[in-house]
Amino acid sequence: MIFELFSRARHAAATPVLLGGMLLAGFSAGGFFNLALAQDAAYALKGKVVRVADGDTLTLLAGRDRHRVRLASIDAPETGSGRLRPGQPYGQAARKALADLVAGRTLTLKCYEQDRYGRDICDVPLPGGGTANRVMVETGMAWANLQGAGKYLRDETLPGLERQARGRRLGLWRQPDAVAPWDWRWQCWDALENGRPAPIC
């Protein structure tokens with residue numbers, strides 16, 4: 001398996017190696033190896049999904065390493081944590097929907113980068129075709145991530161899938177005034193944490 005090769009070599013010098021037409025790039029300081037495909041600089045992570053934290057975050061056990069994975073291009077309703085970070089409507093439903101798709105499965109993820117929290121940003125292909133990312137949006141369990149003028153959007157099909165789910169009033173779109181998670185985090189969480197009025201939550 002690709003990841004077994006990474007695990008055996010992870011403490012070697014960080015020297016790029018061409019393997020079967022693909023670039024194997026090691027990052028010893030970061031504690032992981034990635035497979036950078038020549039065309040799009042993506043890397044693969046293969047392992048078993050051992051935890052689903054919410055509708056867009058999971059934990060992948062790859063060899064002996066646990067990777068926190070954030071699904072690329074989507075943003076799901078927040079599940080919340082504590083009094084100052086309440087959850088959104090459909091937060092738990094979105095978590096369950098993602099768990100039903102991926103929990104306990106061994107999958108090969110297509111990843112692009114790590115974010116500032118050390119999470120791998122990935123597409124999650126499903127055995128029957130398509131990705132968990134797309135299913136979450138097309139069933140109304142997540143938004144296409146259009147914050148920052150779409151700078152986090154890697155799958156250009158997602159806004160169209162979101163429009164279809166919204167038109168059919170699926171999932172979270174049953175709410176008349178669904179609040180995007182990036183607005184919730186600012187207008188609710190940040191407001192509560194800093195003593196500002198937070199009527200949104």
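1. C201 has a relative accessibility of 38% and therefore counts as partly exposed. Buried stands for under 20% relative accessible area, exposed for over 50%, and partly exposed for values in between, with a 1.4 Å probe and protein chains only. C188, at 0% relative accessibility, counts as buried.

2. The model is predicted: local features need pLDDT of at least 70, side-chain atom pairs count only at pLDDT 80 or more, and totals for chains, interfaces and linings use all residues. Residues are numbered from 1 along each chain as its sequence is written, and side-chain values use heavy atoms, with hydrogens and water left out.

3. C188 and C201 are joined by a disulfide with an S to S distance of 2.3 Å; the term denotes a pair of cysteine sulfur atoms within 2.5 Å. C188 belongs to helix α6 (residues 181-193) and C201 to the segment after α6, so the link ties together parts that lie 13 residues apart in sequence. Helices (H or I, at least four residues) and strands (E, at least two) are DSSP runs, numbered from the N terminus. The link of C188 and C201 is right-handed, with 95° about the S-S bond.

4. How many disulfides does the rule give? The count comes to 2. In the other pair, C111 and C122, the sulfur atoms are 2.1 Å apart. This pair links distant parts of the chain, with C111 in strand β8 (residues 106-114) and C122 in strand β9 (residues 120-123), 11 residues apart. Because the torsion about the S-S bond of C111 and C122 is about 95°, this disulfide is right-handed. Both C111 and C122 are buried. When the bonded cysteines of the protein are numbered in sequence order, the pairing reads 1-2, 3-4.

5. The whole structure holds 1 aromatic pair. The ring centres of W143 and W173 are 5.4 Å apart and the planes stand at 70°, so the pair is edge-to-face. Rings of Phe, Tyr and Trp (its six-membered ring) pair if their centres lie within 6.5 Å; planes under 30 degrees apart count as stacked, over 60 as edge-to-face and the rest as tilted. W143 is in strand β10 (residues 143-144) and W173 in the loop between α5 (158-167) and α6, 30 residues apart. W143 counts as buried at 5% relative accessibility, and W173 counts as buried at 6%.

6. The charged end of R166 sits over the ring of W173, 4.0 Å from the ring centre. This description requires NZ of Lys or CZ of Arg within 6 Å of the ring centre and within 35 degrees of the ring normal. Over the ring of W186 sits the charged end of R196, 4.8 Å from the centre.
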